[in-house]
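Thanks for coming, everyone. Let's take a quick tour of one structure. Please look at the screen.

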Amino acid sequence: MDKHRKGLSLFQLINREEFDALALKWDVDKGVRTLCTWEMAQALLCSFVMRLGSFREVEAALKIPDSTFGDALRKRYFGFFQELCDLILMDIRGRTKSRKIKKAIRQILAIDSSDIRVHGSLFDEPGWQPKHVIGHKAAAKLHVVWNVDDQWIDDFLITPGRRHDSPVSLELRLLPDKMYVFDRAYSDFDFWEKIVATGSDFVTRLKDREGNRVIQKKCQKGKKDKCGILYDGSYTSTAPSAKDSTLKPRHIIYRDPLTKKIFHFATSDRRASAKTIADIYKRRWAVELLFRWLKGHLDIRYLPTRTKNSVKIQLAVAVLVQLLLQLKKITDNFQGTLWDLLRHIRMVLVQGIVANSGPPDGCRWSTATTAGVPSCVLQK
């Protein structure tokens, strides 16, 4: 077996022995006759890479019957695909351990969630109806922990769209010696304590409340036009669990020099400067760009499947594609962005399809389609 797996296609990056061991653990192929989980996983990866938007397109392109593919999505265990993502993540971490990282700089992990529209037949399922929506529409929610520095998904959860972010945050996998950054939706004091107990720190934006407004008015008195750091003190939480807690977060009020907007931050880090804390929160925007990337390039804005398990599997495979792209970028030492890599993979696949279909004579691009296409792609 090639130790480094350099130069392999995106579909070959999954270690087959580890995959089979995981399949045996979950017993996912019990009673399966026509479409084993290995074939199903490869078909799902191909459907995301080639943007096959429906079961009919999958049937036409991959010769997998519509009903067979749909049954597999309904019956296979979602947890298997979640653990498969963990296997790829462990491979990525193993290849990046030797990177030289300054000890004074901790990795920043951004936490957020995004709604994914799903088929309206899930509207009647408890919790799948999004708020403030007219009509029978349903949504799932993808919660992620995004490694801002190394650009991979460190952890993810999939829940009904109605479920609030705060209780879900307690289920996320946390790592020591990291800096977690998140917005006002994650206001659970127990979650803050869990991060600190893990050996990490957090930066979050505080919700608007009367006590914060009083402090803001005092620090602005006589200097309403001042920008930058307006206040750096202690934060007193009103949560019942904060009464006897040893965690005393730091409260920072910052006014952006460009937008003139005032932000209230809470953090457990008392060593970094207040300006550094404000700069760390700005990097939270990277997780918003991740959701834009997933929805735009992998086309997960809307999932037409009609069962909860199907939705969860497809979202897990979307995460798997992102991790595999990052793994290929590392193994091949690719210098471009993940989008550049995905676009290159799609280009090679399309060139192979066009070359095999026999481009019409007299077109200047007829010979160019085979340029740079691997021989394995051109073989029928």
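First, the ground rules. This is a predicted model, where local features need pLDDT of at least 70, side-chain atom pairs count only at pLDDT 80 or more, and totals for chains, interfaces and linings use all residues. Residues are numbered from 1 along each chain as its sequence is written, and side-chain values use heavy atoms, with hydrogens and water left out.

Start with helix α1, residues 16-26. Helices here are DSSP runs of H or I, at least four residues; strands are runs of E, at least two; both are numbered from the N terminus. Which residues of α1 are buried? Phe-19, Leu-22 and Ala-23. Buried means under 20% relative accessible area, exposed over 50%, partly exposed in between, with a 1.4 Å probe and protein chains only. Seen down the axis, the buried residues of α1 fall within an arc of 100°, so they line one face of the helix. That arc is taken from the directions from the helix axis to the C-beta atoms. On the other side, Glu-17, Leu-24 and Lys-25 are exposed. Just after α1, Asp-27 has a positive phi of about 55°.

Now strand β2, residues 138-147. Ten of its ten residues are buried, so β2 is largely enclosed by the rest of the structure. Strand β1, residues 108-118, runs antiparallel to β2, with ten bridges. Pairing requires at least two DSSP bridges between two strands. Ile-111 stands opposite Val-145 in β2. Strand β3, residues 152-160, also pairs antiparallel with β2, over eight bridges. There, Leu-142 faces Ile-158 in β3.
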